[in-house]
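User: I would like to learn how to read helix packing and pockets in a model. Please take one feature at a time.

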Amino acid sequence: MSEPAPSNPSIPRPLRPLPNLIFASRWLQLPLYLGLIAAQAVYVVHFLVELWHLIEAAFGSQTALQALITSIGYKTATPIVTLNETVIMLVVLALIDVVMISNLLIMVIVGGYETFVSRMDLEGHRDQPEWLSHVNASVLKVKLATAIIGISSIHLLKTFINADNYSDRVLIAQTAIHITFLLSALAIAYTDKVMSAIAAEKH
């Protein structure tokens, strides 16, 4: 009597209906990532508008200058009629803030989709992000925490430059929040290091 042919391990078994439904539910996250792409488009428009106002103000446009001053929340006892260094610095920091938030969005969109929804098959693509080749949930959390610290640093610097328009309570609160972000990122990175060491010992 002949023995049954061994099954080919390279061919995945079809999932049962319930596990297949549960696994397919990951696609419910797709609208969320598409929504983040739309949010990033809004940030791009905001960036271009602020940049255009800055260029117009540099050429003497009072309307653009007042729009910038209102946007950054800069107040002074002396009316501002020309673009000064403080206004330029605050506007540039605001633009950098938009760029860093956009970078954070890209990490969440690309890394989250790759980790939790479906493979993007970017291996070998010349524009594949370096960090995406070894991304997982832990790595993504550390990178997101680092990005949030950078964004918080920009906000804190903007607040310190414009400190005359903030109360001491606000300054202390923003500093405490930034320190909390920093400590949280260190805790996440340390936890990831410990978990990686435990996983390496098991292998």
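User: Where in the chain is confidence lowest, and where is it highest?

Analyst: Where pLDDT is low, the predicted coordinates should not be read in detail. Here the chain has an average pLDDT of 83, and 90% of the residues score at least 70. Helix H1 (residues 17–24) has the lowest confidence, with a mean of 82, and H2 the highest, at 94.

User: How do the axes of helix H2 and helix H4 cross?

Analyst: Two packed helices are described by the angle between their axes and the distance between the axes. For helix H2 (residues 30–58) and helix H4 (residues 85–117), the axes come within 10 Å and cross at roughly 165°. H2 is therefore roughly antiparallel to H4, since angles over 145 degrees count that way. The crossing of H2 past H4 is left-handed. The residues of this contact comprise 20 nonpolar, four polar and one charged.

User: What lines the largest pocket?

Analyst: The largest pocket holds about 150 Å³ of space. Its lining includes Tyr 43, His 46 and Glu 50, along with Ser 71, Ile 72, Asp 97 and Lys 158. H2, helix H3 (62–72) and H4 are the elements that each give two or more residues to this lining.

User: Which element gives the largest share of that lining, and how do the residues divide by type?

Analyst: H4 gives the largest share, five residues. By type, the lining of the largest pocket has six nonpolar, two polar and three charged residues.

Terms used: Residues numbered from 1 in each chain as written. Predicted model: local features only at pLDDT ≥ 70, side-chain atom pairs only at ≥ 80, totals over all residues. Heavy atoms only, no water. Axes fitted to C-alpha atoms, helices over the stretch in contact; angles between N-to-C directions. Helix = DSSP H or I, 4+ residues; strand = E, 2+ residues; numbered from the N terminus. Parallel < 35°, antiparallel > 145°, perpendicular 65-115°, else oblique. Left-handed = near helix turned anticlockwise from the far one by under 90°. Nonpolar A, V, L, I, M, F, W, Y, C, P; charged D, E, K, R; others polar. 1 Å grid on protein atoms, 1.4 Å probe; cavity = no way out; pocket = protein on both sides within 12 Å on 5 of 7 lines; lining within 4 Å. Points joined across faces, edges and corners; volume = space filled by probe spheres on them. pLDDT = per-residue confidence, 0-100.
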